[in-house]
Amino acid sequence: MAVITGTGSYAPSRVMTNDEFAAYLDTSDIWIRERTGIRERRIAAPEEATSDLAVSAAGKALDAAGLSASEIDGILLATATPDLLFPSTACLVQARLGADNAFAFDLNAVCSGFVYAMSVAKSMIESKAARRLLVIGSEVMSRTLDWSDRGTCILFGDGAGAVVVEASTTAVRGLETFRLRADGRYWEMIHVPAGGSRRSGTEVAPYIRMKGGETFKMAVRSLQESVMEVLSASGISPGEIDLLVPHQANIRIIDALASRLGLPSDKVVVNIEHYGNTSAASVPVALDEAVRAGRVKEGSRILLTAFGAGVTWGSGLLTWEAETQKRSRA
Ligand code: COA
């Protein structure tokens, strides 16, 4: 059985408000708040890269779990904005943390990356390939933005979230059911057209392009289907979820999903107003904030769900049993 035993997150100190966009673009604070739920986002400092954010978040998750970096067997880092094309950002994080006994690799499912990585972590622990893993979502989305495109630049922000996942013999449920999906026919819906092997960055700008309206509709439909698939595979109803931790892309997507599931707002974690869409970091940052705010209790049943470029989507049900696992370690 795999369980989460610690969470952590990090946000760059620079806060960028909606008014800063309104100062040079044809947009307004009110439009952005009403259409997206975003008030402000964090922007990495020029010298900060994805691995820097990841190291800070991972350090806090290790502290919360009561483990040192050398006790970790592997690092799974979900990102679409790596420091370099290669080596992986996970390897840079491994060195910085001093996680001398850990393998390390990146995983790219864009905004669904953390949910994908958690599913891989569950499988690796259940197959005994690893006993203790760091799962991180970290992004510097601000480097992929066309700051003159009001349809995209107002949406994204930078951040990192991390969890420690451990093998447990005392947990009852732990990471329960994960379901992942992808449909690459829709790759153009949200993409960065350059920077990889198809086109170099000199021919075409390596900035996000997105069909916002189509993405919105597909996200609502896919998230609902994915959540229902996980719930039915787990044999529970939406009413039995204690906390929904959705990807933070647009408050209207989250509200539509919550209303379709019949979930009251106190069961839904929302922090989009302060961070915007931080891609793979959004679910672990929201989870960490919920844990630190005391919204997660031992035995809480938590549903993670995300949708992103690819397109990819997925959901995972878990039971919070961190204290049970830590007691059994002592
Ligand atoms: N300020 C003011 N007007 C804006 C704007 C902005 N920042 N961005 C777009 N608009 C305009 C559009 O140009 C359009 O104008 P037009 O009618 O003259 O062409 C109008 O607002 C309506 O555009 P539309 O795309 O229908 O708006 P919307 O209500 O769908 O909101 C998004 C746009 C991008 C906020 C919304 O589609 C969205 O959030 N989509 C999902 C994005 C997402 O989740 N992406 C990541 C997935 S992981």
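Predicted model: local features only at pLDDT ≥ 70, side-chain atom pairs only at ≥ 80, totals over all residues.
Rolling a probe the size of a water molecule over the atoms shows where empty space is left. In this model the largest pocket holds about 890 Å³ of space. It is lined by 31 residues, and Ala80, Thr81, Pro82, Asn108 and Val192 are the closest to its centre. Sorted by class, this lining consists of 18 nonpolar, 10 polar and 3 charged residues.

The second largest pocket has a volume of about 450 Å³. Its lining is made of 27 residues, of which Gly151, Leu155, Met210, Gly212 and Asn250 are the closest to the centre. Two or more lining residues come from each of the elements α2 (29–36), α6 (212–234), α7 (251–261) and β12 (301–308). The largest share is that of α6, with 6 residues. By class, the lining of the second largest pocket has 13 nonpolar, 10 polar and 4 charged residues.

**Nonpolar cores**

The largest nonpolar core has 43 residues, and Leu244, Leu303 and Phe307 have the most contacts inside it. At least two residues of this core are supplied by each of α6, α7, β12 and β13 (312–319). Helix α6 gives the most, with 7 residues.

Which residues does phenylalanine 307 touch, leaving aside its neighbours within four places in sequence? Its contacts are Cys111, Ser112, Thr215, Met218, Ala219, Ser222, Leu223, His247, Thr312 and Trp313. A second, separate core has 36 residues, including Tyr116, Met118, Leu243 and Ala322.

**A buried glutamine**

Glutamine 248 is found in the loop between β11 (243–246) and α7. Is this residue buried or exposed? Glutamine 248 counts as buried because its relative accessibility is 0%, and the cut-off for buried is under 20%. The side chain of glutamine 248 reaches the backbone oxygen of proline 246 at 2.8 Å. Beyond four places in sequence, glutamine 248 touches Ile254, Val269, Val270, Asn271, Ile272, Gly276, Asn277, Ser282 and Ala286.

Most residues other than glycine have a negative phi, and most peptide bonds are trans.

Proline 87 is in the loop between β4 (74–78) and α4 (89–97), and valine 311 is in the loop between β12 and β13. Lysine 128 is placed in the loop between α5 (113–126) and β6 (132–140), while serine 279 is in the loop between α8 (272–275) and α9 (282–292).

Lysine 128 has a relative accessible area of 73%, so it is exposed. Serine 279 has a relative accessible area of 1%, so it is buried.

Conventions: Residues numbered from 1 in each chain as written. Heavy atoms only, no water. 1 Å grid on protein atoms, 1.4 Å probe; cavity = no way out; pocket = protein on both sides within 12 Å on 5 of 7 lines; lining within 4 Å. Points joined across faces, edges and corners; volume = space filled by probe spheres on them. Nonpolar A, V, L, I, M, F, W, Y, C, P; charged D, E, K, R; others polar. Helix = DSSP H or I, 4+ residues; strand = E, 2+ residues; numbered from the N terminus. Buried < 20%, exposed > 50% of the residue type's maximum accessible area, 1.4 Å probe, protein only. Polar contact = N/O pair within 3.5 Å; in protein donor to acceptor, adjacent residues only side chain to side chain. Contact = heavy atoms within 4.5 Å. Core = buried A, V, L, I, M, F, W, Y, C linked by side-chain atoms within 4.5 Å.
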